[in-house]
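Hello,

Here is the structure we talked about. Please open it alongside this message; my notes on the charged pairs follow below.

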Amino acid sequence: FRCGEIYGNLRSSSDQNTGRRQLIPDIKKEIIQYEIDRGWRDENAGKSQVRRGPADTSIFAEEDGRPSVASDFESPCVINGHRWRGIIWERADKRPGSREQGWEQARKRLKATKRPPGGIREEKALFIVGPRCPHWIRTVPMLPRDDGGGGRVAHFDDVDTDSEDHIGDEMRYMLRYDPGPVTFPGRRGA
């Protein structure tokens, strides 16, 4: 399920596909506040109910002895006088073929979400997008396939990377990420 999103700095339509234009500590605080507002972080227990998710591997790069973007996200921060654990990312799968495999998984899950004639879905993995995801709804269904424009080799199982594909990439990373079974307090197994 995709139940919400924090995306872009869309003050106008010309700002689309330009990023947040904010410092990492500010983005981190916004994400943590988003989790607090939804009850996903407990001030008393000091725990987060949000599992680590994948991020583009470029954020793990250290340059000239400076810490990586991932390290900046991991450091704790203070919000309303309370010290919160930072955000810990996992490396996304960027192996050869992972883009095409991720888009294939996305297409299968989205197709499985459609209610067939007769009204009963098969028991397959789905990908359901909630109404609080306007940027996913705005960008992902419109992503063009890579037709090899500009003299490039066509990769029809991928999308055109010159398009606004950031949320699509995030979805693809998440679908290919397997953190293992989810367990709940008081229950056995996943």
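Glutamate 5 and arginine 2 pair through their side chains in a salt bridge, at 3.1 Å from N to O. Keep in mind that this is a predicted model. Both partners are out of the solvent: glutamate 5 is buried, at 13% relative accessible area, and arginine 2 is buried too, at 10%. The cut-off for buried is under 20%.

In total, the structure holds 15 salt bridges. Side chains of opposite charge can pair when their charged atoms come close. Two further pairs deserve a look.

The first topic is aspartate 93. Its side chain meets that of arginine 95 in a salt bridge, 2.9 Å from N to O. Aspartate 93 is buried, with 16% relative accessibility. Arginine 95 is exposed, with 57%. Exposed here means over 50%, so arginine 95 qualifies.

Next comes arginine 99 with aspartate 165. Their side chains form a salt bridge at 3.8 Å, N to O. Arginine 99 sits in helix H3 (residues 98–113), while aspartate 165 sits in the loop between S8 and H5, so this pair ties together parts that are 66 residues apart in sequence. How accessible is arginine 99? Arginine 99 is partly exposed, with a relative accessible area of 22%. Aspartate 165, by contrast, counts as buried at 5%.

That pair belongs to a network of salt bridges, which links Arg99, Asp158, Asp165, Asp169 and Arg172. Two of these residues, Asp169 and Arg172, are buried in H5.

Now H5 itself. Which residues of H5 are buried? They are Ile167, Gly168, Asp169, Met171, Arg172, Tyr173 and Leu175. And what covers them? The cover includes strand S3 (53–55), H3 and helix H4 (134–139).

Where is serine 163 placed? It lies in the loop between strand S8 (155–159) and helix H5 (166–176). Its relative accessibility is 14%, so serine 163 counts as buried. The serine 163 side chain also reaches the backbone oxygen of aspartate 160, at 2.5 Å.

When you go through the model, I would start with the loop between S8 and H5, where aspartate 165 and serine 163 are both found. From there, move on to the network that includes Arg99 and Asp165.

Best wishes

Notes:
Residues numbered from 1 in each chain as written. Predicted model: local features only at pLDDT ≥ 70, side-chain atom pairs only at ≥ 80, totals over all residues. Heavy atoms only, no water. Helix = DSSP H or I, 4+ residues; strand = E, 2+ residues; numbered from the N terminus. Buried < 20%, exposed > 50% of the residue type's maximum accessible area, 1.4 Å probe, protein only. Polar contact = N/O pair within 3.5 Å; in protein donor to acceptor, adjacent residues only side chain to side chain. Salt bridge = Lys/Arg side-chain N within 4 Å of Asp/Glu carboxyl O. Contact = heavy atoms within 4.5 Å.
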